[in-house]
Amino acid sequence: MPAVPMPDEMPAPTAVAVRVLCAFAAKTGDLDLRFTPSPSAQEGILGHDTVTARRGAGYQREVSLSARCGELLVQGRADGFDPAIPRLEEIKTHRGEADHIPDNHRALHWAQARVYGWMLCEQLGLDRIELALVYFNIDTAQETVLPVWHSAVELKAFFETLCARFADWAGAERRHRIARDQALQALAFPFPAFRPGQREMAAAVYRAHGSGRHLLAQAPTGIGKTMATLFAALRAAPAQGTHKLFYLTAKTPGRRLALHALQHLKVQPLRVLELVAREKACEHPDKACHGESCPLARGFYDRLPKAREDAAQAGWLDKPSLRDIALKHEVCPYHLGQEVLRWSDVVVGDFNHFFDLSASTWALTVNDELRVGLLVDEAHNLIERARQMYSAELRPVVFQTVRKSAPAALKKSMDRLHRQWGALARSQTQDHEVLPELPSAFMGALQRHGAELSDHIAQEPGDTHGDLQAWLFEVLHVLRVAEVFADHSMVDLTRTPPMRGRARMPTLNIRNLDPGPLLKPRWEAAHSAALFSATLRPMDYVSQLLGLPEDTARLEVPSPFDPSRLRVRIAQDISTRYHDRTASLDHLVNAMAMQYAERPGNYLAFFSSFDYLEQALDRLKQRHPTISVWAQSRAMCEPDREAFVARFAEEGQGIGFAVLGGAFGEGIDLPGRRLIGAFIATLGLPQWNAVNEHLRLRLQARFGQGYDYAYLFPGLQKVVQAAGRVIRGPQDEGVVVLMDDRYRRPEVRRLLPAWWGL
């Protein structure tokens, strides 16, 4: 007979949060997102504080509790406990009427309350306890309290039932984690040798992730940054106890490169999940996201356990693979992805999945107190993308359209908002007017309108009118951005053309100018982060605008490419300034044609705008009609973008016209003779306008380099990115023609790569 282990030899229990246990084991029925307009995290915290502040003396807040069941140690913090009754309260914030909260949502809330109830009964030796769901309406500050008495016996039985459902999964997860870490400790680089500069990059990432620091790394295009960072971060993960690695990209091609690298690494077992936007994963875009409308939402939680198990066994969960599993089990692919996010090891997705105000991976990291590593690809894009995430606009044309067909129940709310909007219009004295602060009366009316609109939608049977729902989401986004408004942002009014028969009303814009303060908590939540790109100079500029910690490590990998294989020249007698463009067009297209004649092949020509692109394209066609040309168009769909890139064939000849900073300025790979040269007919400087001038002034006040931070640095980053399309490997060779006399200026040339030899 085997020896019975002594107490100090018993295996350590698997810790699980109450919220995770209930989400896994207590959800049943349909997926129902008709009522998703919900409080933000900050509103939720304030709501909890308001409720608990109303309670009397002796009331206990944030009560830490734990209970063991077999090999599980369930832990959590109950919202509130009144020992005099005794009553345990589970507080939930919401918008709209509490009666309209779906039954399956309420069932989950009761499950959490019952688990906490048993834990408290066990801890205090109680025979019975009153449990109360407290629904707090953040818009009206009203409480709806639902009290129920339970015996300790029935609460214990409920608790043990949930734990039994979770125990097998927890055991399998524990074994998976051990096997995964063993595989990562033995992980070998998948190629015979590192490329020049690649080992240095990998070593820096390994050190950063190993020491819990952040890293800002500039390395030239073509050295294999994606593979270097993934390999190093994965190797460092076991020793650091890393739960997850998030690989974040700005564009779809970056996701594809990351997935391709992960396939080459061949780590088994390693669960890799690709996150995509909801609209790109939706199988039924014509249906609402609830069981009465969408067949993949109907019975979602009843079929989820088997789908989740299949996904865990599969391990490789890119978009097509996850879709196949979801449709096999007749569940929604997007929401299956959200469910398996918690159980994935590497997650590949867009920037917004971690940095957006409502980012899912960010919420998971904070709520589950995870130790995560971040790999941020093409990190120079994060500055502008973060500004967009933390900005919002409210357009009168949308409001007026919705108001015309709005139901009578919303008339009073919309009239109130319309009056406040009109007051803003009457106070506006310029076409673009910066306000000193958020307009309080207007924001108050918008807050009330959002609450009443949310409540109305919650009461609508069946599907909600699409325009009304879209307007609600626009309102809620503005309110959410307004919550974090501070001196890192500005608010302004922009006059818009009046609608026929209606008063002229301005667009309200909340624009983030410095995303650093809002990004700072995201960096603090990550154990380590490596941000990398071919264009991160000057690093002070990038670090300050991204809000990185002061001790962030820095690395600049020198170019491994032979400078003689890239000829960079400046067309010194061409000016692409706005007022000079018409006069310089002939000279510009002649210079392009001369280079093309000297060495025929595939070229990319970059311009500052579509208008300028079209002018140059027309002039080239007139003066040099024998040169084959193709051009990027406005609002290009994905198949058209793919067709544009496909024109760059190995033996092809011609010039592709594109806008600098657009889809073809970075993230495309055209090695060998697919691309032998680039014409860059711009410095990439952002357009001069009132908004950018205000940005310049604000950044001057904050950092002392307003023009550089608002115009010069972001413009030259786009130039270097575009030029980087030409040399993709050590065997490539080509030419870059910088078509503007300002490239001769010292302050411009110092921002260009030293290996260009200018």
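An angle between two helices is taken between their N-to-C directions and runs from 0 to 180 degrees, with each axis being a line fitted to C-alpha atoms. Keep in mind that this is a predicted model.

Start with helix α10 (residues 319-328) and helix α11 (residues 333-340), whose axes come within 9 Å and cross at roughly 105°. Angles of 65 to 115 degrees count as roughly perpendicular, so α10 and α11 are roughly perpendicular to each other. On the α10 side of the contact are Leu 322, Arg 323, Ile 325, Ala 326 and Leu 327, and they meet Pro 333, Leu 336, Gly 337 and Val 340 of α11. Sorted by type, the residues of this contact are 7 nonpolar, 1 polar and 1 charged.

Next, find His 94 in strand β4 (residues 87-94). Is His 94 buried or exposed? Its relative accessible area is 8%, and buried means under 20%, so His 94 is buried. Leaving aside residues up to four places away in sequence, His 94 touches Pro 39, Ile 101, Tyr 135, Phe 136, Asn 137 and Ile 138.

Now for the backbone. Most residues other than glycine have a negative phi, and most peptide bonds are trans. Here are some exceptions:

| Site | Backbone feature |
|---|---|
| Gln 268 to Pro 269 | cis peptide bond, omega near 0° |
| Arg 537 to Pro 538 | cis peptide bond, omega about -10° |
| Glu 330 | positive phi of about 60° |
| Glu 369 | positive phi near 50° |

Glu 330 sits in the loop between α10 and α11. Glu 369 belongs to the loop between α13 (360-367) and β12 (372-377), and Glu 369 counts as exposed at 61% relative accessibility.

Conventions:
Residues numbered from 1 in each chain as written. Predicted model: local features only at pLDDT ≥ 70, side-chain atom pairs only at ≥ 80, totals over all residues. Heavy atoms only, no water. Helix = DSSP H or I, 4+ residues; strand = E, 2+ residues; numbered from the N terminus. Parallel < 35°, antiparallel > 145°, perpendicular 65-115°, else oblique. Contact = heavy atoms within 4.5 Å. Nonpolar A, V, L, I, M, F, W, Y, C, P; charged D, E, K, R; others polar. Buried < 20%, exposed > 50% of the residue type's maximum accessible area, 1.4 Å probe, protein only.
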